[in-house]
Amino acid sequence: MSASEREVDAVATPKARAGRAAALHRRAEAAATAAAGILDEIRPAPADHHRQYELAERLRTAADVAAPGWAGGSLESLTATTPPGDGLPPLVRVGTAAPLDDARFPALVPLLGSCHVTLDADASDARVAGLLRALLLRVFAATPAGALLARAVDGGSGETFAGYAPLADAGLLPPPATDLTGMRAVLAEAEQWVAAGTARQRGHDRTLLLVVAALPDGTTTADLDRLAGLAEGGPRAGLHLVLAGWPDGSPLPRATAVTVRTAYALVADPPGVGFGSPGAEPPGGLNSPVFLDEDPPADLVAEVCARLVRQIEDGSRLSLGDLLPADGFWAAGSADGLSTTVGDAAGRPVSLGFTELTPHWLVSGRGQAGRSAFLTAALFGLAARYGPDELVLYLADLADGESFVEFLQTERDRSWVPQVRAAGMAADREYVADLFGELEAELRRREEASRRAGGQRYAELRQHQPLPRIVCVVDNFPLALRERDRLAADLLARLDAVARAGRSYGIHLVLAGEGDLGIGGPRDPLLGRFPVRVALPGGSAVLEPANDSAAGLPVGSAVVNTAGGLGGPRGATRGHERMIRFPDPYEDPDFLAGLRRRLWEARGESAPPVVFAGFARPLLANDPRHRAALAGRAHAPAVLLGRAVDVRRSTVTVPLGPGAGRNLAVLGRDEEAERLLVTAVRSAAAAHPAAARFVLAPLANGSAEPAGVLAAELAGRHRVETVDVAGLRTAMESDEPGYLVVFGLDVPDATELPPDLLRTLLLEGPPTGRHLLGWWRTPAPLAGLLGPEGEVDKLTAVAVTDVPGGRLEQLFDRPVWWRPQPGRAVLWDGPDEQGTVFVPFGAAETATARIEPDPRATDRAGEGAA
Ligand SMILES: Nc1ncnc2c1ncn2[C@@H]1O[C@H](COP(=O)(O)OP(=O)(O)OP(=O)(O)O)[C@@H](O)[C@H]1O
């Protein structure tokens with residue numbers, strides 16, 4: 001075995017197959033040479049044509065084995081779907097040897113894994129340019145994506161490898177060096193490669209190919225010496241050279257020289273092996289003219305490049321697992337801040353977190369830009385590092401749909417991420433306002449604790465009391481500000497309070513959505529409280545206008561900036577900004593579910609999150625207060641109407657104590673209003689400690705049926721009478737305690753009841769155990785009951801469905817903000833200006849609870865509110 005054969009074997013040991021193929025080819029070549037020896041001179045053609053055809057045939061067969069597919073097939077036979085080999089091709093085709101016009105076989109030379117190739121002409125010769133492009137295509141396409149890297153020098157046109165530009169982004173072939181400085185940088189890189197590859201003994205796990213299409217002007221002998229040095233030491237370290245324009249007469253070590261003649265080329269002996277007959281005197285070379293490979297079709301080049309890029313991207317894709325801590329779950333403390341890996345930049349993990357300096361984040365991206373993916377991945381990174389004693393999460397999304405389900409209990413999987421305290425999906429603006437209100441209240445508690453402790457800072461306070469950091473994420477935040485009304489102003493005021501002081505008390509905000517998130521112009525101080533900006537594709541608006549670093553980002557990447565979106569000089573390294581790639585956590589749902597379950601199993605005492613789903617209907621039957629009442633544990637007589645649009649999912653209750661005005665007026669034209677009255681009666685009946693009297697007056701058209709159902713339902717426990725207007729009047733005049741339930745107090749018959757009678761009942765009934773539960777479809781008759789001093793809250797609590805705020809002013813004697821929406825109602829109970837927006841209980845059979853929260857969560861929420 002020759003030295004170079006040993007070398008080939010040493011490098012190719014894992015690729016024994018390729019090695020065997022190479023040996024086979026060498027034998028085939030030897031045979032060819034023997035044949036060539038007999039042929040003697042190529043032209044004129046020797047007499048024994050028959051022998052030549054036979055040899056060419058055998059060589060073709062041998063080449064098929066030694067250099068199959070991309071390495072040796074004719075370019076016409078190759079398509080983008082031709083698969084790569086499973087390692088480096090040891091031999092590669094440079095053209096077609098044609099000892100006779102019609103006796104042809106592939107001309108192969110050893111390259112990757114063993115040798116180099118030189119050409120005496122450079123790429124200014126179109127044939128050379130074509131061959132270089134063909135060669136590059138063959139070696140890249142034949143090698144598994146990523147196993148081969150290339151560097152190019154093109155001191156001529158600089159355009160020789162233009163078709164390969166897509167490989168630059170995948171890191172396979174950077175744009176070629178076109179001048180001396182560029183070439184020297186490439187040489188330095190190659191020298192480093194050789195030094196590192198040699199030092200590590202095992203060599204690189206990848207191979208580097210350096211292709212010179214043309215030496216740049218001014219190339220010195222010292223540069224050529226460097227190339228020769230690389231040729232000498234390169235193969236051992238996985239570096240190979242293809243040098244075009246290499247001066248004739250100074251053979252490059254370990255290289256096969258190709259000499260370009262007018263009509264054909266000549267291929268010299270590869271190092272250590274001879275094409276010539278054994279014992280022939282060098283220079284022998286392949287005793288046949290060789291027609292160099294021509295330019296490969298541009299489409300083919302483009303398709304192969306696209307395949308490689310795709311495979312590199314797939315192969316280098318991050319997974320959620322890459323963001324998780326190496327040192328196990330919940331090992332980190334949050335006293336000084338939170339930090340997690342959010343992605344990687346150039347193969348290095350990039351951390352981002354919440355500290356006093358980087359307290360709040362803005363995350364922007366257009367739809368389908370991976371916003372949920374980024375947030376989910378970052379939140380799981382945090383949840384894996386910080387246990388529930390260190391971190392509490394509040395999650396809200398204003399857009400329709402089921403968000404954050406990965407963190408919450410579902411019908412299929414009852415586990416949850418234990419740091420999550422509450423989540424609002426398809427959340428109303430009121431939900432977000434309440435959420436900010438809760439955070440503000442917590443902030444005040446922490447401020448107060450600090451004051452009591454003599455002005456201790458957050459980190460010090462934590463030494464003697466549990467104060468987890470809080471991260472509150474609101475996705476699709478711009479929807480909270482789509483109307484600039486009082487609610488929006490309120491919400492912004494709370495947001496500002498939390499953003500301003502939260503940083504010092506471990507309360508952090510992440511606002512996400514499209515565009516600039518609508519929180520003020522560049523000079524708005526609120527914007528300045530969010531120094532961390534994450535721009536996903538289409539999210540440049542959270543960066544400074546002059547900062548275009550997020551332009552053209554692909555999905556799966558983001559610009560992370562910790563200086564309020566500030567840019568910097570183009571191309572300069574910016575300490576405050578990184579372009580990252582982040583994983584798609586939905587890619588592997590099993591992994592995500594497994595992660596959630598592992599966190600859940602470690603949860604200790606943590607209760608499930610309280611979930612508000614804007615699209616779901618709560619059911620009276622599931623309500624914790626109602627269930628307690630049914631079980632004989634009622635707190636006090638009361639009606640229950642629904643669940644508030646708030647973080648705790650409080651049960652919306654109207655207590656029916658002995659105070660004046662403890663009645664319920666339902667106001668609205670729709671079925672919702674009627675249903676509210678029915679629910680009110682049902683819940684009052686359950687909450688009433690003993691048997692009570694219910695007088696039902698179904699005055700409105702169509703109300704006989706619901707009244708009948710109610711009567712049947714209540715009859716078991718209570719005394720029920722169903723009456724007409726006259727009967728109602730009698731009941732109103734009687735002192736007997738009980739509930740007067742009136743469907744349609746605005747029907748003409750009812751409006752003829754003496755107003756004083758009704759007014760007196762509202763004022764004086766409750767102290768004697770008489771309560772009115774009435775339904776009005778228009779506000780005027782109810783407003784007509786008000787005395788000169790107004791103040792409807794002295795008469796009754798008012799629940800409104802589809803009557804807009806403008807029409808309620810006559811009743812409340814002040815501007816009222818209420819815009820009716822399906823599935824929502826508002827309750828005014830007492831002088832509170834704003835009212836409580838709530839989701840009325842649904843009728844059991846129409847319940848559309850897509851995600852019914854776990855009853856335990858429901859209980860907790862109910863108790864919290866009670
Ligand atoms: N890192 C990633 N790499 C590749 N694909 C991703 C990555 N992150 C998300 N995707 C894919 O992009 C699509 C959009 O992701 P995602 O749902 O997170 O976007 P979004 O911005 O939240 O969308 P929208 O707000 O419109 O619902 C999904 O199909 C997702 O699988």
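Strand β5 (residues 207–214) and β6 run parallel and pair over five bridges; strands here are DSSP E runs of at least two residues and helices are H or I runs of at least four residues, numbered from the N terminus, and two strands pair if DSSP finds at least two bridges between them. From β5 the chain crosses through helix α7 (residues 221–233) to β6 in a right-handed β-α-β crossover, meaning that, with the strands pointing away from the viewer, the path from the first strand over the helix to the second runs clockwise.

This is a predicted model: local features need pLDDT of at least 70 and side-chain atom pairs count only at pLDDT 80 or more, while totals for chains, interfaces and linings use all residues. Residues are numbered from 1 along each chain as its sequence is written.

Strand β3 (residues 116–119) is also parallel to β6, with three bridges joining them.

| Residue | Bridge partner in β6 |
|---|---|
| Valine 117 | Valine 242 |
| Valine 211 | Valine 242 |

Six of the six residues of β6 (residues 239–244) are buried, so the strand is largely enclosed by the rest of the structure. Buried means 20 or more other C-beta atoms within 10 Å, exposed 12 or fewer, and partly exposed in between, with C-beta atoms placed from the backbone.

Now to the loop. The unreviewed UniProt entry annotates a "binding site" that includes Gly370 and Ser372; such annotations may be inferred rather than shown by experiment. Glycine 370 lies between β12 (361–364) and α9 (371–385) and is buried, with 25 other C-beta atoms within 10 Å. Serine 372 is in helix α9.
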